[in-house]
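Dear colleague,

Here is the structure that I promised to pass on to you. Please have it open while you read, as the notes below follow what was found in it.

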Amino acid sequence: MRRIACPERDDWRSTAAACGFDFHTIDGERYWDERAYYGFSLREIEHEIEQPTAEIDAMCLELVARVIDDERALRRLRIPEAVWPLIAASWRHDQGSLYGRIDLSFGGRGPAKLLEYNADTPTSVFEAAVFQWTWLEQALDRRIVPAQADQFNSIHERLIDRWTELGDGRHLHLAGMTGNSEDAGTLAYLEDTASQAGLATTLIDIEQIGWRDGGGFVDLEGRDIALAFKLYPWEWMFREAFGEKLLEAPTRWIEPPWKAILSNKGILPLLWEMFRGHPNLLPAFFEDDPESASLGDTFVRKPLLSREGANVTLVSRGTTLEQEDGPYGAEGFVRQAYAPLPNFADNYPVLGSWLVDHVPCGLSIREDANPITGNGSRFLPHAIIQ
């Protein structure tokens with residue numbers, strides 16, 4: 001694994017505009033950054049990223065199977081008791097998943113370590129599936145990368161295939177916060193892949209979903225919402241006004257309710273309990289667990305529910321190295337062993353390993369000068385060059 005400086009395409013902004021990538025710059029700062037790329041060997045991709053990703057996901061599914069019948073674990077995850085039947089039913093009825101992203105710490109030496117699982121509402125899928133592939137094709141043409149360079153990336157094709165299976169000919173609604181440019185872009189891309197799979201689609205803001213008494217959720221035209229992709233966290237849906245309707249509505253949700261377990265950072269200590277010593281896991285404990293003292297005075301403190309690094313604290317030898325503010329933490333915290341991210345030219349990359357239908361199929365990289373990856377952290381492309 002290497003970070004390789006390279007020239008950027010002089011027309012990348014117009015290329016981004018042409019394909020609808022209008023959030024390539026956030027608050028005047030680069031989000032997409034192709035002034036460098038990360039190069040990997042094929043062996044690193046296959047054995048150090050792809051294989052561990054599949055193994056971690058398999059452990060997570062085993063965890064879900066155990067947790068749905070474990071009241072103590074559900075309470076530790078702070079999942080409202082009222083929705084336990086919804087979660088359990090979705091698992092027992094084998095309601096399928098579309099995609100997910102496992103975030104790893106890996107620098108080319110030693111096994112990749114699980115940082116968290118973005119199992120419910122992962123974004124940056126368009127950048128990973130489409131725009132970095134376009135970069136590779138053009139970088140090959142312009143000799144920016146070696147002639148035989150490749151990329152770990154079959155996300156787009158697998159999404160289309162998966163929609164064919166999940167859609168089963170039904171009309172698909174895609175809902176989220178359409179006023180947010182990144183969320184809107186993600187929804188538009190996933191709608192496009194669903195359309196390519198032959199599904200009829202409707203894009204709707206989450207606040208525009210209505211309820212018909214005795215019928216279920218409906219869109220603005222009164223159409224029943226039978227199948228819905230939601231780019232909106234389950235924990236938010238559980239607590240909102242229509243949350244109580246989730247149990248009686250016939251809507252099939254993607255991601256399914258059981259993903260609420262895996263999107264919770266409480267899975268980190270639960271995984272450690274089940275698979276203690278696994279080479280791809282870091283020791284982790286609920287903060288109120290006396291065993292958390294075994295981490296000593298060096299650890300990462302994470303809220304059970306948070307996004308984009310909010311409310312995460314890095315503590316080393318009792319001193320706070322970095323701390324991000326945010327609105328999370330009321331549900332509680334976990335402590336995870338501090339495994340410093342690799343440092344490449346004073347940049348700290350986190351690898352996002354993508355799965356579609358639980359099959360590892362792509363890689364995205366976010367880097368920052370801050371070792372806590374946040375909303376403004378840059379997205380850099382990657383290539384297989386050996």
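The buried residues of helix α10 are Ile267, Leu268, Pro269, Leu270, Leu271, Trp272 and Met274, where buried means under 20% relative accessible area, exposed means over 50%, and partly exposed lies in between (1.4 Å probe, protein chains only). Because seven of the eight residues of α10 (residues 267-274) are buried, this helix is largely enclosed by the rest of the structure. Helices (H or I, at least four residues) and strands (E, at least two) are taken as DSSP runs and numbered from the N terminus.

Before going further, please note that this is a predicted model, in which local features need pLDDT of at least 70 and side-chain atom pairs count only at pLDDT 80 or more, while totals for chains, interfaces and linings use all residues. Residues are numbered from 1 along each chain as its sequence is written, and side-chain values use heavy atoms, with hydrogens and water left out.

Within α10, Ile267 is buried, with a relative accessible area of 1%. Leaving aside residues up to four places away in sequence, Ile267 touches Cys60, Leu63, Leu77, Tyr117, Ile261 and Leu262, contact being defined as heavy atoms within 4.5 Å. The C-alpha atoms of Ile267 and Phe285, which are 18 residues apart along the chain, are separated by 9.6 Å.

Turning to the strands, there is an open sheet of four, in the order β8-β7-β11-β12 and with parallel pairing; two strands are counted as paired if DSSP finds at least two bridges between them. Its edge strands are β8 (201-205) and β12, each of which pairs on one side only. Neighbouring strands of this sheet are turned by 25° against each other on average, direction ignored, with axes being lines fitted to C-alpha atoms (for helices over the stretch in contact) and angles running from 0 to 180 degrees between N-to-C directions. Strands β7 (residues 172-176) and β11 (residues 227-231) run parallel and are joined by five bridges, and Leu174 has Phe229 as its bridge partner in β11. Helix α6 (residues 155-167) lies across β7, β11 and β12, and runs at about 135° to β11.

Strand β4 (residues 36-40) has five of its five residues buried. In a regular strand the side chains alternate between the two faces of the sheet. Both faces of β4 are covered, with Ala36, Tyr38 and Phe40 buried on one side and Tyr37 and Gly39 buried on the other. Strand β1 (residues 2-5) pairs with β4 in the antiparallel sense over four bridges, and Ala36 is the partner of Ala5 in β4. With strand β21 (residues 382-384), β4 pairs in the parallel sense over three bridges, and here His382 is the partner of Tyr38.

How many cavities of 30 Å³ or more does a search of the whole structure find? The search finds two, and the definitions are as follows. On a 1 Å grid over the protein atoms alone, a cavity is a set of points where a 1.4 Å probe fits but cannot get out, a pocket is an open set with protein on both sides within 12 Å along at least five of seven lines, and lining residues have an atom within 4 Å of a point. Grid points are joined across faces, edges and corners, and a volume is the space filled by probe spheres set on the points.

The largest cavity has a volume of about 60 Å³, and its lining includes Leu77, Arg78, Phe238 and Asn264. Helix α8 (residues 234-239) gives the largest share of that lining, three residues. The second largest cavity holds about 30 Å³ of space and is lined by Leu114, Leu268, Leu281, Leu282 and Gln336. As for the second largest pocket, its volume is about 150 Å³, and among its lining residues are Leu86, Gln95, Arg252 and Trp253. The largest share of this pocket's lining, three residues, comes from α4.

Some backbone details deserve a look as well. The peptide bond from Ile254 to Glu255 is cis, with omega near 0°, and Glu255 is found in the loop between β12 and α9 (259-262). Arg78, in the loop between α3 (71-76) and α4, has a positive phi of about 60° although it is not a glycine, and is partly exposed, with a relative accessible area of 39%. Arg317, in the loop between β15 (313-316) and β16 (319-323), has a positive phi near 55° and is exposed, with a relative accessible area of 71%.

With best regards
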